[in-house]
Amino acid sequence: MRASPDTVGDTCPGCSGALGPRLPACLPGAGPWAPLPSWTLRGGGPPCLALPWGLPEESGEMQVGQRVEDLPTPAFTVDLDVVKKNAQEMVQRFRALGVNMRPHMKTHKTLEGGDLMTGGSRRRIVVSTLAEARFFADGGFDDILYAYPLPFDKVGECAALAERLESFHVLVDSHEALTLLKRRPLPGGKRWKVWLKIDCENGRAGLRHTDPAALKLARAIAEEPTELAGVYAHCGNSYHCQGVPEIQSVARATTERVLEFMQKLQEEGVPCPVASIGSTPSCSHPVPEMAALHEVHPGNYIFYDVQQMGIGSCQLKDVAVRVLTRVIGHYPHRNQLLVDCGWTGLSLHSLGQLPTGFALVEGHPNLKLVGMTQEHGRIELVTGELDWAQFPLGSLLALIPYHACATAAMHPAYYVHVKGQVVATWKPVRGW
């Protein structure tokens with residue numbers, strides 16, 4: 001049975017709006033006579049609009065024990081053995097280099113995935129949203145880095161987490177953001193733990209590593225009531241690589257730039273305990289120079305995907321996730337199959353530019369997912385005529401996603417299996 005709102009509390013945990021017979025004011029459709037849907041609120045999830053009101057209680061638990069081929073589709077499946085292997089291998093790589101892991105949670109956004117990536121310690125993680133930060137804090141995690149340029153509207157929420165946790169870190173790349181923190185001192189003499197984001201030719205967030213303003217900002221961060229907790233660089237330019245030599249060239253260059261910046265800090269007398277870089281490609285094939293770093297922060301590696309295969313980060317055997325879909329239509333006049341997975345089950349991230357379209361169809365290299373609408377996918381052969389008997393209506397296909405982070409974000413539950421039998425469901429946090 002689905003739990004009624006009265007069984008989970010009579011106020012919204014985000015806005016404190018009354019539940020009972022009406023929607024709280026924070027929810028779409030709220031009004032004098034808006035009916036409250038009887039869905040279970042997932043404990044530990046984010047408040048208000050981020051709550052999964054549309055996820056019935058029985059959406060995942062009843063599938064435990066089933067075979068994956070019996071799941072309702074589209075279904076996001078996770079091979080537990082592969083996930084464990086990916087997590088363990090990354091830990092081993094950096095243990096050999098003497099470098100700490102601070103894994104990023106943004107790919108899976110689940111407590112279970114966090115346990116695997118931290119080896120059960122539930123310490124030293126990275127998140128990209130405050131919804132994730134709250135979720136993992138509620139789940140017993142600590143030493144959490146909110147690795148996103150500090151949003152001006154979220155300083156109060158960050159302060160609440162910094163006061164609550166032993167160690168909550170924020171990241172800045174502007175004096176304006178730092179000023180907001182200094183105007184909001186933490187109680188009891190606790191100092192804000194602030195990281196400086198530098199750009200080592202990635203071209204997204206951060207001050208250029210050669211910009212004198214970066215040193216000036218680092219010096220300002222180190223003054224009370226803030227402290228410079230670390231320098232953070234993302235090797236996002238490794239996503240343009242093809243093959244291990246190119247990946248390692250980016251990893252080496254980023255490491256050298258960060259270490260050069262750390263040397264400048266030391267020469268200026270600015271204390272900074274941690275230098276951290278990361279991306280799944282650069283950390284899948286680390287270079288010896290990375291041993292001089294203190295931390296790395298990859299994330300996608302727990303699942304891997306077709307994009308990582310193309311870059312050279314991994315092989316097909318390392319990709320832990322699939323989207324299962326069923327054939328729902330035959331259209332001989334256009335030589336196409338219709339399946340029940342559209343972009344809401346896969347995402348449009350690849351833009352259909354793979355030789356096989358928007359994804360790989362496992363076991364069928366000659367099939368191409370040529371197009372998707374919201375709930376439909378169109379599949380045809382790369383060459384030749386379809387053998388309709390090979391793909392009868394109701395038959396199951398497995399799509400290997402181009403970008404696991406984007407595809408996982410489309411699903412309210414992950415079906416975790418061992419050798420095809422569902423052993424658990426993981427429910428990710430959503431929202432910002």
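# Reading salt bridges and helix packing

Analyst: A salt bridge here is a side-chain nitrogen of Lys or Arg within 4 Å of a carboxyl oxygen of Asp or Glu. Keep in mind that this is a predicted model, where local features need pLDDT of at least 70, side-chain atom pairs count only at pLDDT 80 or more, and totals for chains, interfaces and linings use all residues. Residues are numbered from 1 along each chain as its sequence is written, and side-chain values use heavy atoms, with hydrogens and water left out.

User: Where is Glu 201, and which residues is Glu 201 in contact with?

Analyst: Look in the loop between β6 (192-199) and β7 (207-208). Helices (H or I, at least four residues) and strands (E, at least two) are DSSP runs, numbered from the N terminus. Contact means heavy atoms within 4.5 Å. Leaving aside neighbours within four places in sequence, Glu 201 touches Arg 208, His 209, Asn 237 and Arg 257. Gly 236 sits 35 residues from Glu 201 in sequence, with 8.7 Å between their C-alpha atoms.

User: Which residues are linked in a network of salt bridges?

Analyst: The general idea is that side chains of opposite charge can pair when their charged atoms come close. In this structure, Lys 85, Glu 89, Lys 317 and Asp 318 are linked that way. Take Lys 85: its salt bridge with Glu 89 has the closest N and O atoms 3.6 Å apart. Glu 89 and Lys 85 are four residues apart in helix α2 (residues 80-97), so about one helical turn separates them. Lys 85 also forms a salt bridge with Asp 318, at 2.7 Å between the closest N and O atoms. That pair links distant parts of the chain, 233 residues apart: Asp 318 is in the loop between α10 (306-311) and β11 (321-331), while Lys 85 is in helix α2.

User: How accessible are Glu 89, Lys 85 and Asp 318?

Analyst: Glu 89 is partly exposed at 30%, as is Lys 85 at 23%. Asp 318 is buried, at 7%. As for the total, the structure has 19 salt bridges.

User: At what angle do helices α6 and α7 pack?

Analyst: Two packed helices are described by the angle between their axes and the distance between the axes. Axes are lines fitted to C-alpha atoms, for helices over the stretch in contact, and angles run from 0 to 180 degrees between N-to-C directions. Helix α6 (residues 175-182) meets α7 (residues 212-221) at about 5°, with the axes 11 Å apart. That makes α6 roughly parallel to α7, a label for angles under 35 degrees. The contact uses His 175, Leu 178 and Lys 182 of α6, plus Lys 216, Leu 217, Ala 220 and Ile 221 of α7.

User: How many helices and strands does the protein chain have, and how much of the chain is buried?

Analyst: There are 12 helices and 18 strands, and buried residues make up 54% of the 432 residues.

Notes: Parallel < 35°, antiparallel > 145°, perpendicular 65-115°, else oblique. Buried < 20%, exposed > 50% of the residue type's maximum accessible area, 1.4 Å probe, protein only.
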